[in-house]
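Hello,

Here is the structure I said I would pass on. Please open it first, then read the notes below it.

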Protein chains: 2
Amino acid sequence: MSYTTQMDAAKKGILTAQMKDVLANEAISQDVLFERLAKGTIAIPANKNHKSLFGFGVGLGLRTKVNVNLGVSEDCCDPEKEYEKAVEAVRMKADAIMDLSTFGKTKEFRRRLVADCNVMLGTVPMYDAVAKYGKNIKAMTKDDLFNVVEEHCEDGIDFITVHAGLNRVAAERVDRNPRKTGIVSRGGSILYEWMKLNDRENPFYEDYDRLLEICKRYDVTLSLGDGLRPGSLKDATDAPQIQEMIFLGELTKAAWAENVQVMIEGPGHVPLNEIVANMQLEKKLCHGAPFYVLGPLVTDVAPGYDHITSAIGGAIAASSGADFLCYVTPAEHLRLPDLQDMRDGLVATRIAAHAGDIAKGIPGAIEWDHKMSDARGKLQWANMLNTAMDPDKAIAYRKSSMPSLDEHVCTMCGDLCPIRRTSAKDLVAQEG
Amino acid sequence: MSYTTQMDAAKKGILTAQMKDVLANEAISQDVLFERLAKGTIAIPANKNHKSLFGFGVGLGLRTKVNVNLGVSEDCCDPEKEYEKAVEAVRMKADAIMDLSTFGKTKEFRRRLVADCNVMLGTVPMYDAVAKYGKNIKAMTKDDLFNVVEEHCEDGIDFITVHAGLNRVAAERVDRNPRKTGIVSRGGSILYEWMKLNDRENPFYEDYDRLLEICKRYDVTLSLGDGLRPGSLKDATDAPQIQEMIFLGELTKAAWAENVQVMIEGPGHVPLNEIVANMQLEKKLCHGAPFYVLGPLVTDVAPGYDHITSAIGGAIAASSGADFLCYVTPAEHLRLPDLQDMRDGLVATRIAAHAGDIAKGIPGAIEWDHKMSDARGKLQWANMLNTAMDPDKAIAYRKSSMPSLDEHVCTMCGDLCPIRRTSAKDLVAQEG
């Protein structure tokens with residue numbers, strides 16, 4: 001029996017290889033997976049041309065996934081460095097990589113990632129349109145835009161960000177509701193500019209069926225972009241943001257009618273006390289579609305530490321409904337991230353996802369913590385270090401400062417270590 | 001008119017110099033400050049012998065404060081390095097420093113901090129008891145313990161952690177309710193050991209009046225320690241923790257009856273979805289006393305990144321009632337923090353406190369974010385960098401990677417900067 005997309009397969013009761021991957025790694029039954037894929041509350045972004053992919057599911061009841069952004073740009077134009085980031089991101093357990101290249105031989109780089117990376121791969125085709133057709137936005141034709149989309153799909157990209165909901169009505173909301181930081185989405189701002197300069201409707205909104213036809217052909221998941229996401233606490237949860245989300249909800253239903261899988265992208269900068277409302281709003285307006293969240297950053301004032309401002313927001317988001325977190329690095333708002341920024345951003349985002357998974361009761365999540373704490377309660381150092389989310393950093397810290405009197409403790413408390421003095425009094429070396 | 005403590009002064013309507021400091025820096029009226037100090041929901045830790053102190057308030061309606069731990073220990077025994085940390089912590093806007101020294105000339109170091117630091121200073125006298133009387137815990141007498149407390153108070157320490165609530169009943173709860181990580185409080189574990197070895201009640205519980213008399217004499221705020229705080233997610237919100245909190249609530253009332261100011265110390269390691277309940281429980285059981293929180297860490301699995309696991313928990317805690325956050329550094333669980341760990345821990349904790357202040361509507365909090373976002377929306381780089389929580393790091397990042405085509409943008413988006421292309425199109429250099 002044949003199928004077009006994972007959603008179509010689920011409706012037909014066909015168990016795909018990618019579904020098997022998901023079943024092998026998540027505590028979900030085949031029946032529930034089928035049901036949620038069919039309904040759209042779970043997506044498995046898996047392009048038919050991405051042969052190296054290991055299947056990941058994104059959505060209700062599954063582990064919160066984490067994405068790493070990278071790519072070649074005019075200011076950071078060494079593809080080898082970006083490729084090195086990709087390899088390291090996979091090693092450090094990213095679930096997805098978005099190639100945001102805007103410069104150079106983007107096709108070559110993209111195809112190399114598809115060939116070599118077994119995690120979900122995403123792109124923003126509008127960025128590549130700039131790389132391909134130049135920065136004269138006005139001169140781009142509709143066909144130019146759709147051709148780039150088709151090219152990415154053919155190349156094997158699993159999910160593409162398309163700002164189809166930023167239509168003329170949503171754009172008017174920006175014009176009528178002045179914001180502190182205007183439009184901060186690159187893809188969104190290019191489309192907004194195109195619409196203004198050409199006095200035309202957003203091509204992806206106007207010819208949405210054409211977009212769906214392409215996505216269906218390759219089983220590319222549509223990541224409906226939030227071109228009007230807030231870039232400051234002040235702009236959070238405002239009329240433009242919510243207006244666009246209303247359209248994203250309608251576009252979600254239209255995509256599902258064609259069996260095209262959907263994720264919704266979300267904010268941005270959001271005060272801590274508005275995050276839960278934002279999650280609930282997305283689940284309601286977008287009919288339970290998986291929510292793919294950037295941050296949210298809970299304060300605007302800490303450039304250099306936005307992996308932390310976004311880990312706070314991401315953890316709360318994940319605990320209250322977000323299914324997929326896009327990483328933010330310490331370089332955000334300041335420069336392109338380097339390799340170390342990538343590492344710091346990835347681990348911070350993995351922490352947020354895991355804290356959220358514990359809170360929402362994802363099976364297997366808190367068991368990892370119990371394993372660590374069992375080792376900690378017995379002062380089993382090798383176990384502790386190997387169980388750490390980033391063993392390399394934990395080991396380096398441990399090695400840099402060894403206690404002088406008792407190898408079982410650390411220099412934090414020395415031989416006043418409370419665990420040593422109470423529960424692990426009679427410790428003898430018990431580890432290999 | 002004379003007064004014993006800030007609480008006593010408030011009850012008598014006396015406006016102290018420290019209250020004036022608070023009024024100058026917080027959006028609170030004199031009447032409300034008097035009322036809350038009298039009731040105990042705000043404390044102003046201000047030892048009469050700490051002459052250099054600038055007064056800080058901790059509690060309801062005030063900015064969430066941040067504490068930095070440091071101190072000389074057997075494994076890290078250079079007082080100059082610890083002093084350097086203190087100076088840097090004050091420069092980077094810590095509101096309090098706890099001197100946790102357990103080794104060497106602790107009195108000399110403590111008095112140097114009192115003389116030179118204008119922020120709140122705290123200690124855990126039990127640590128110093130070990131430095132002073134050695135590690136034979138059993139042999140310490142009651143008088144030894146009270147003598148150390150008195151010495152710290154006389155030296156000018158503003159608040160002292162005393163685990164007075166870890167009495168025999170609470171200790172029995174630990175014995176009867178086995179934990180994954182036992183007792184993880186150093187001060188708590190030493191007292192527990194003393195009680196077990198001597199088969200005696202906790203001296204600070206038994207002779208609580210003697211403790212109150214000393215605190216009142218110098219106006220030292222009693223920071224009632226949580227010796228049974230959870231050291232793992234598994235142990236969070238368990239019988240021993242809550243049992244101790246019940247006693248802390250009773251001790252709070254007894255202290256207030258003598259006009260001794262009180263703060264309550266809180267967990268520890270807590271799953272994200274239990275944090276709000278923990279905050280509510282403290283406010284209820286301890287009658288609205290200011291809550292001084294360590295973390296909480298929302299996962300056990302990320303040693304090397306516990307400034308982030310605790311920033312997530314701290315932000316949620318602050319947004320739902322915590323008044324004072326103790327910093328956690330990347331070195332937690334692995335070694336004593338060095339100077340850079342101190343910086344990273346302090347900034348992460350300041351972010352958590354600020355995110356919480358925005359959420360709980362502390363006047364002036366979100367205005368800082370608006371200032372940053374105003375600068376960001378106009379691409380005013382000098383303004384952005386100077387408004388940052390840590391300008392040094394923001395400036396270093398910015399300088400390390402300047403855009404090649406347009407000085408107004410950054411290399412993250414280059415000349416595809418959405419702000420530049422939409423709201424800041426017509427930018428000319430407008431900054432000094």
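**Salt bridges**

At 39% relative accessibility, B:Asp175 counts as partly exposed; buried means under 20% relative accessible area, exposed over 50%, and partly exposed in between (1.4 Å probe, protein chains only). B:Lys196 sits in helix H9 (residues 186-198) of chain B and B:Asp175 in helix H8 (residues 168-176) of chain B, 21 residues apart. Helices (H or I, at least four residues) and strands (E, at least two) are DSSP runs, numbered from the N terminus.

The model is predicted, so local features need pLDDT of at least 70 and side-chain atom pairs count only at pLDDT 80 or more, while totals for chains, interfaces and linings use all residues. Residues are numbered from 1 along each chain as its sequence is written, chains are lettered from A and ligands numbered from 1 in the order in which they are written, and side-chain values use heavy atoms, with hydrogens and water left out.

Over all chains, the structure holds 70 salt bridges. In one of them, B:Lys135 pairs with A:Asp415, with the closest N and O atoms 2.8 Å apart. B:Lys135 lies in the loop between helices H6 and H7 of chain B and A:Asp415 in the loop between helices H18 and H19 of chain A, so the pair joins two chains.

**Helix H9 of chain A**

How many of the 13 residues of H9(A) are buried? The number is 10, so H9(A) is largely enclosed by the rest of the structure. Among the buried residues are A:Arg186, A:Tyr192 and A:Trp194. Their cover includes helices H6, H8 and H10 of chain A together with helix H19 of chain B; contact means heavy atoms within 4.5 Å. Just after H9(A), A:Asp199 takes a positive phi of about 50°.

**The two chains**

Chain B can be laid on chain A with an RMSD of 0.0 Å by a turn of 180° and a shift of 0.0 Å along the axis. That is the relation of a two-fold axis. Copies are superposed by least squares on the C-alpha atoms of residues with pLDDT of at least 70 in both. Of the residues of chain B, B:Ile312 comes closest to the rotation axis, at 2.2 Å (C-alpha).

Regards

How values were computed: A salt bridge is a side-chain nitrogen of Lys or Arg within 4 Å of a carboxyl oxygen of Asp or Glu.
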